[in-house]
Amino acid sequence: MARSHFRALRIDGRRWAITDALAGIHCAGLRGRDFATLRSRGGAMVWSPMSNLLLYGATADLPRAVRERVRIGLGSDWSPSGSKNLLSEMKVAWVVAQELDAGIDARDLVAMATIEAARILKWDGSLGSIEPGKRADLVVVHGRRGDPYGLLLEARETSITLSIINGRARYGQPRMMQQLAGDGEALQVGGSDRILDLSDEHADPVIGELSLSEARDRLEDGMARLPELARRMDDGSISGALLGATSATEPGNWFLELDHEPRPGFSARPHLPFAGMPTGIYPEVVLGAPLADILQPMELDPLTVVDDGGYWSRLADSPNLPGYLLAELPPLYGQRPRQRGARAEASLPSADGAQEPDRLGDFLAATASTLTTEDRLLLVQQAMVLLGETYVHLELKRSMHAVEPIQQLRLLRYRLTRGDDELSDLAFHRELARIFASVRDLHTNYLLPSPLRERTAFLPFRVERYVEDGQARYVVSHVFADVHHPTFTVGAEVEHWNGVPIERAIEINARVQGGSNRAAAFARGLESLTIRPLVRTLPPDEDWVVVGYRGLDGIVREERWDWLVWAPPAAIGVDPDDADAPSRSTALGYDLQADAVNHAKKVLYARRAFDVEPKTAAALREPVAVGSQEVATRMPSVFRARQVETSSGAFAYVRIFTFNVPDADVFVAEFVRLAEQLPPDGLIIDVRGNGGGLILAAEQLLQVFTPRAIAPSRAQFITTPLMLELCERHAPSPLDRNFDLSGWVDSMAQAVTTGAVYSQALPITDRQAANEVGQTYQGPVVLITDALCYSATDMFAAGFRDHDIGTILGVDDNTGAGGANVWTHELLRLLMDTEHPRPSRSRSNPFRELPNGAGMRVSVRRTIRVGDRDGTPLEDLGVTPHVRHHMTRDDVLGSNQDLIDHAGEFLAAASVHRLDVAIDELHDDTLTLTVTASNVDRVDIRIDGRGVDSFDVTAATTRRIAVPVASPTRVDLHGYLDGRPVVRARRPLVTDT
C-alpha cells in the first residue's frame with residue numbers, strides 16, 4: 001500500500017509530484033529504482049529503523065538508498081515502537097547499516113542525525129553543524145581519544161556530560177550545570193547525578209511550570225487509571241466540563257483532534273488515484289465495546305535505557321526483531337548479547353531472596369564448580385550404600401530392565417580414584433543421575449545440590465495431547481501471562497520440536513525421565529518438554545528450543561523460545577527429612593518431580609490458586625473459593641470442588657491435586673465437608689497429575705466412599721543387615737511413639753539367615769484409622785486417573801479398584817506405577833543415629849552428610865495390593881482403568897467437559913443406594929432410632945462394633961434396641977441388597993443423662 005501511494009505520485013511520463021519539499025517517512029515500501037526517482041527530483045528519506053524492525057521485522061533498503069545518494073535523515077519515530085532517544089536510534093542504525101553492508105561510516109551516520117536532517121527541513125543555515133553564526137546546539141560526551149564520531153556511537157546515556165540548546169546549558173553533570181545554568185531539577189541517570197533545566201519564560205504557563213518528576217508522576221497516575229478516565233470521558237456530563245463546557249448549549253473552547261484516529265473508512269492522509277482506485281482507504285472498523293471496557297492500566301517506561309530493567313527482556317520478547325540486532329546492540333550499552341525468545345518478567349513470584357527468572361545459558365555460565373574429588377567420591381559411596389542395602393526394588397529392576405546400578409557406581413568410583421577424570425560438575429551430576437534413572441523408579445533419585453536444587457527450568461507455555469479421529473495431536477494449552485505473541489497462542493498446534501516431529505521428540509525425552517511403564521514414561525516426556533525442576537532433573541541440554549507450529553490462521557511457522565530458570569517459592573507439604581515426626585516423614589509416597597512440576601504450574605498458570613493458598617502447612621481458618629463456581633475450601637492447594645453439569649445430569653466433582661498434607665485426619669475431614677455441599681447422586685474424583693504424598697491420607701480417604709471395611713495395602717522391606725538394624729532401633733522408636741517398626745523385625749531377622757529377599761508384608765496405614773470415619777458419601781463414584789498419578793495416588797487408585805468402589809476412567813492406559821514408600825538419605829542418616837537397644841549388635845552409621853545440599857531418595861518399602869489382587873506389587877504395574885477416555889481438544893482447551901460428560905454417563909447408569917438414620921432417643925440401656933432406606937433390602941445395626949439388630953426394610957422403620965455396652969459412642973448401619981453390602985451410615989451417640 002505504501003509503495004502504491006508513492007507510485008501514485010507519478011503524473012505522466014517523467015513527471016512526478018516530487019520536489020525538494022517532500023520527505024518520505026520510513027520508505028520501507030520502496031523498491032529498486034524508486035530511490036533513484038526520489039533522489040533525482042530532490043526528495044529525501046527519514047529513516048527510523050528500530051520502529052520498522054519492531055513493527056514489521058524489516059526496514060528500508062538502505063544500501064540501495066545510499067547507492068542512489070538519497071538524502072537521509074534519522075529519527076526515532078514514536079514512543080510505542082521507536083527508540084527511547086536519538087542516541088539509541090543512532091546505535092540501532094549503526095548496527096543495521098553494518099549488517100546490511102550499506103557502505104556508510106560513523107561520520108555518515110552522525111550526519112543523518114544532524115546536518116542531513118537539518119538540510120531536509122531547510123534549517124541547515126541555523127542548525128546541524130558547529131559553525132560560526134549557527135545556533136549552539138551541542139552535546140558533550142565523555143572521552144578524549146579516538147574517532148569522535150565512533151565515540152558518539154559508542155557513548156552510553158551516562159556518557160552524556162552536557163547538553164546545550166541554542167547556547168543555553170539544559171542538561172549535564174552538576175558541576176558543569178552549576179557553572180553554566182545555576183539551578184535546575186536534580187535527577188539520576190544510571191546512578192549518576194545530573195541537573196535538568198527546563199525553564200523557559202516563553203513557555204505555556206501550565207506546561208512550563210511542570211518539572212520532569214511532576215510530569216512523570218501525572219503520566220504514571222493517568223496511565224494506571226486509564227479505564228476510570230475513559231469512563232469519565234464517556235459520561236457527557238463530566239466530559240463536557242473537562243473540555244470547558246459551561247452548559248449543555250455552550251460546548252466550550254476545547255476539542256480533541258487525533259491524527260491517528262480518523263473516522264471509520266477514511267484516512268486523514270491524501271487519497272491519490274492509482275490502478276483504478278484511491279490509495280489510503282482502510283476497511284471500516286467498528287468497536288464492539290466502550291473504550292472504558294477495552295483499556296487496561298499501563299505502566300510508564302523509564303526515560304532511559306540504562307534505567308529500564310526490563311528493556312532488553314522486552315526486546316528479546318519481540319517476535320519481529322532480528323537476531324543480529326539483539327546480539328550486537330546490547331554490547332553498545334555494556335550489556336551481554338541477547339537471543340530472541342520469551343522471558344518471564346519479575347512479576348513471577350519467587351523464593352525469598354531469589355532473583356527474577358534468567359535464561360538457562362546465563363544461569364549455567366554463572367554457576368561455578370563447587371564439588372571436590374572427595375565430594376564426588378562421597379556421593380558415589382553413599383549411593384552404593386543406599387541402592388545396595390536399602391533399595392527394596394533392586395532385584396525387581398535388575399530383572400525387569402536388565403540394569404546393574406551398583407556396578408555402574410563402582411565404575412564411576414574407579415574413574416574418580418584414577419585421578420585423571422575431567423568431568424565437570426554438570427557432567428558428574430549427569431552421570432550420577434543417569435545411574436539412578438536407569439532403575440526407572442521415580443522414588444529413587446539423586447537430588448542435585450545447590451544452586452540447581454532450588455531452581456526450576458521452564459518454557460513460558462505448556463503443551464498437551466488430545467486425540468482427534470484416532471490421531472494424537474499436540475496443542476499449546478497455556479501461555480504465560482507476560483508473554484504476548486501474535487500467532488503462538490493457546491490453541492496453536494505443535495508439529496515439530498527442534499526439527500523433530502513432536503511425538504518422536506516426546507518419546508526421546510521420555511527415555512531419560514524414568515517412567516515405570518510406557519504410559520508413565522510418555523506422559524513425563526510430554527510434561528518435561530516445558531517444565532523441569534532441577535532438584536531431580538538435569539538442566540536441558542539446549543539453551544533454547546525451536547517450535548514448529550500451525551497457528552490459528554492455519555499458517556505453519558517456527559518460533560524460538562529460551563529455557564528460563566527461576567526459583568519458585570516453597571511449596572506446602574510434609575518435610576521428608578523430619579526426624580522429629582518420623583510417623584509422617586516415613587509414611588510418604590510421592591513423586592518429587594510431579595510435586596514440584598504441579599507447584600510450578602500453579603504459580604505460572606493458576607496465580608489465583610497460589611495467591612489464596614495458605615503460606616504455612618496448616619489449613620486456612622476461613623474457607624476460600626478459587627473459582628466463582630467452586631465450594632470454598634480451607635485447603636485450596638489440595639482440593640477444588642464444584643457441581644458440574646453433564647449431559648447425564650448434575651453431579652459432584654472434586655479435584656485432588658496432592659496427598660502431600662501434614663495431617664491425614666484434617667485432609668479427610670475437609671474432603672467430607674466439601675462433599676456434603678455437593679449433589680449426593682454421583683461424585684467424580686479427579687486425581688490426574690497427583691504425584692502422591694502422605695500414604696495415610698490417601699488410604700484413609702477410601703473409607704468415605706464404600707460400605708466395605710478398608711484393608712490398607714501392605715509394605716515390605718528388603719532384608720539386609722542394615723535394614724534389620726534400622727528396624728530394631730525403632731521398634732518402637734524413641735523419637736515418635738506413633739512410629740513402630742517392630743512388626744517387621746522378626747521376619748527380617750529370619751530372612752537375613754534364610755536368604756529371603758523381602759520381609760513380612762504389613763500395612764503402613766493403621767487399619768483402625770482406615771475405617772474410623774466410615775462411609776459418608778453414599779452416591780456412586782467415578783475416579784479419573786492418568787499416567788502421572790504416582791505413589792500414594794497409585795495406592796489410592798489400587799485401593800479404589802481392590803475394594804470395588806466404582807469405575808476408574810483413565811485418560812492413559814495406566815497409572816504411574818510407583819508402588820513404594822520413599823525415605824530420604826538424610827532421614828535414614830538421622831534414624832540410624834538413634835541408639836540401638838542392644839549396643840553390642842550396633843555398628844557405626846554408614847550414612848554421611850552429603851555435600852552442598854545434595855540429596856538422595858530411595859524406595860525402602862514396596863507396597864502389595866489386597867483383595868482379588870492380593871500379593872501383586874504396584875511397582876512397574878500400576879493400576880489399569882476400567883475404561884479409557886481419549887482427551888479431546890475441548891477437554892484440553894476448555895474445562896474437561898467431554899471427560900466429565902463421559903464420567904457422568906457411568907454415574908447416571910449406576911445404582912444409588914440410600915441409608916439414613918435419625919436417633920430418636922438414647923436413654924439408659926435402650927436406643928430408639930428411625931431408619932430410612934432406598935434400594936436396600938436388609939439393614940444390620942451395630943453399636944461400637946457389636947451386632948445388635950438385623951431386619952428387612954421396605955419403608956421407614958423405627959427400631960428399639962437394647963444397648964450392649966455402657967456409654968456407647970456410635971451406631972453403624974450396614975445396608976445390603978441381595979446379600980451384597982451397598983451402603984453404610986454412621987452416627988455418634990451421646991448418652992442422655
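Student: Hi! Which residue stands opposite Val 917 in S38?
Tutor: That would be Val 931. Before we go on, keep in mind that this is a predicted model.

Student: Good to know. How do S37 and S38 pair?
Tutor: They run in the antiparallel sense, with nine bridges between S37 and strand S38, which covers residues 926-934.

Student: And what sheet are they in, what's the strand order?
Tutor: They belong to an open sheet of three strands, ordered S37-S38-S41, with antiparallel pairing. Its edge strands are S37 (914-923) and S41 (957-962), each of which pairs on one side only. From one strand to the next, the twist averages 25°.

Student: What holds strands together in general?
Tutor: Strands of a sheet pair through backbone hydrogen bonds, either parallel or antiparallel.

Student: New topic: helix H21. Which of its residues are buried?
Tutor: In H21, residues 502-510, the buried ones are Ile 502, Ala 505, Ile 506, Asn 509 and Ala 510. They sit on the same side of H21, because they cover an arc of only 140° around the axis.

Student: What covers them?
Tutor: The cover includes strands S17 (471-479), S18 (493-497), S19 (500-501) and S20 (531-533), along with helix H22 (518-527).

Student: OK, salt bridges. How many are there in the whole structure?
Tutor: A search finds 48 salt bridges. One of them joins Glu 725 and Arg 729, at 2.6 Å from N to O. Both residues lie in helix H28 (residues 721-729), four residues apart, or about one turn of the helix.

Student: Are those two buried or exposed?
Tutor: Glu 725 and Arg 729 are both buried.

Student: Which salt bridge links distant parts of the chain?
Tutor: Take Arg 865 and Asp 802, whose closest N and O atoms are 2.8 Å apart. Arg 865 is in the loop between strand S35 (855-864) and strand S36 (883-884), while Asp 802 is in helix H30 (residues 792-802), and they are 63 residues apart. Both Arg 865 and Asp 802 are buried.

Student: What about Arg 15 and Asp 12, how far apart are their N and O?
Tutor: Their side chains meet in a salt bridge at 2.5 Å, N to O. Arg 15 has 49% relative accessibility, so it counts as partly exposed. Asp 12 is partly exposed as well, at 37%.

Student: Which residues are linked in a network of salt bridges?
Tutor: Glu 772, Arg 970, Asp 972, Arg 984 and Arg 986 are linked that way.

Student: Let's switch to rings. How many aromatic pairs does the structure hold?
Tutor: There are 19 aromatic pairs. Among them is Phe 488 with Tyr 549, an edge-to-face pair with 4.9 Å centre to centre and 85° between the planes. Phe 488 is in the loop between S17 and S18, and Tyr 549 is in strand S21 (residues 544-550), 61 residues apart. Both Phe 488 and Tyr 549 are buried.

Student: Why is the pair of Phe 717 and Trp 823 edge-to-face?
Tutor: Their ring centres are 5.9 Å apart and the planes are at 75°, so the pair is edge-to-face; planes over 60 degrees apart count that way. Phe 717 lies in strand S30 (residues 714-717) and Trp 823 in strand S34 (residues 820-824), so the pair ties together parts 106 residues apart in sequence.

Student: Last one: which residues do ring pairs link into a cluster?
Tutor: The cluster holds Phe 639, Phe 659, Phe 667, Phe 671, Phe 705, Phe 796 and Phe 800.

Methods: Residues are numbered from 1 along each chain as its sequence is written. This is a predicted model: local features need pLDDT of at least 70, side-chain atom pairs count only at pLDDT 80 or more; totals for chains, interfaces and linings use all residues. Side-chain values use heavy atoms; hydrogens and water are left out. Buried means under 20% relative accessible area, exposed over 50%, partly exposed in between (1.4 Å probe, protein chains only). Helices (H or I, at least four residues) and strands (E, at least two) are DSSP runs, numbered from the N terminus. The arc is that of the directions from the helix axis to the C-beta atoms. Contact means heavy atoms within 4.5 Å. A salt bridge is a side-chain nitrogen of Lys or Arg within 4 Å of a carboxyl oxygen of Asp or Glu. Two strands pair if DSSP finds at least two bridges between them. Axes are lines fitted to C-alpha atoms, for helices over the stretch in contact, and angles run from 0 to 180 degrees between N-to-C directions. Rings of Phe, Tyr and Trp (its six-membered ring) pair if their centres lie within 6.5 Å; planes under 30 degrees apart count as stacked, over 60 as edge-to-face and the rest as tilted.
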